[in-house]
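This briefing goes through one protein model, from its overall fold to single residues. Look at the sequence and the structure before reading the points below.

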Amino acid sequence: MISPLLDVVGGGLLLLGLVLISIGVYGVLRLPDTYSQLHAQGLATGPGVIAVLASAVATENAATITSAVLAIAFLALTSPVAGHAIARAAHRTNRGPGSRRSTSDG
């Protein structure tokens, strides 16, 4: 009884995660400034990847679920730090909101 339910939940989480990651990648490629791209990147790495990893519950394999939980914990700790470091570097190089990326930036 629980296995079909886990399959549906796992498939739903996988689909949700892939949609969020697709939206995030599209945003990184299309948005004009660093801060907007950083917001889109946060959508992809935060809820998107976590939903994909949470879909590992459908496998009913303890080792896979444990690995997914550890990866989710690692992402939850490192993603905000990386985003802050990128935003700080953008601020220090005077790439404020509204500034365009330049292809001549070596």
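The protein chain has three helices and zero strands, where helices (H or I, at least four residues) and strands (E, at least two) are DSSP runs, numbered from the N terminus. Along the sequence this gives the pattern α-α-α. The model is predicted: local features need pLDDT of at least 70, side-chain atom pairs count only at pLDDT 80 or more, and totals for chains, interfaces and linings use all residues. Residues are numbered from 1 along each chain as its sequence is written, and side-chain values use heavy atoms, with hydrogens and water left out.

**Helix packing**
- Helix H1 (residues 2–30) packs against helix H2 (residues 34–54) at an angle of about 165°, with the axes 7 Å apart. Axes are lines fitted to C-alpha atoms, for helices over the stretch in contact, and angles run from 0 to 180 degrees between N-to-C directions.
- H1 and H2 are therefore roughly antiparallel (angles over 145 degrees).

**Burial**
- Of the 106 residues in the protein chain, 21% are buried. Buried means under 20% relative accessible area, exposed over 50%, and partly exposed in between (1.4 Å probe, protein chains only).
- Leu20 lies in helix H1 and counts as buried because its relative accessibility is 17%.
- Leu20 and Ala44 are 24 residues apart in sequence, and their C-alpha atoms are 5.9 Å apart in space.
- Ile2, also found in helix H1, is exposed because its relative accessible area is 55%.

Definitions and conventions: Angles under 35 degrees count as roughly parallel, over 145 as roughly antiparallel, 65 to 115 as roughly perpendicular and the rest as oblique.
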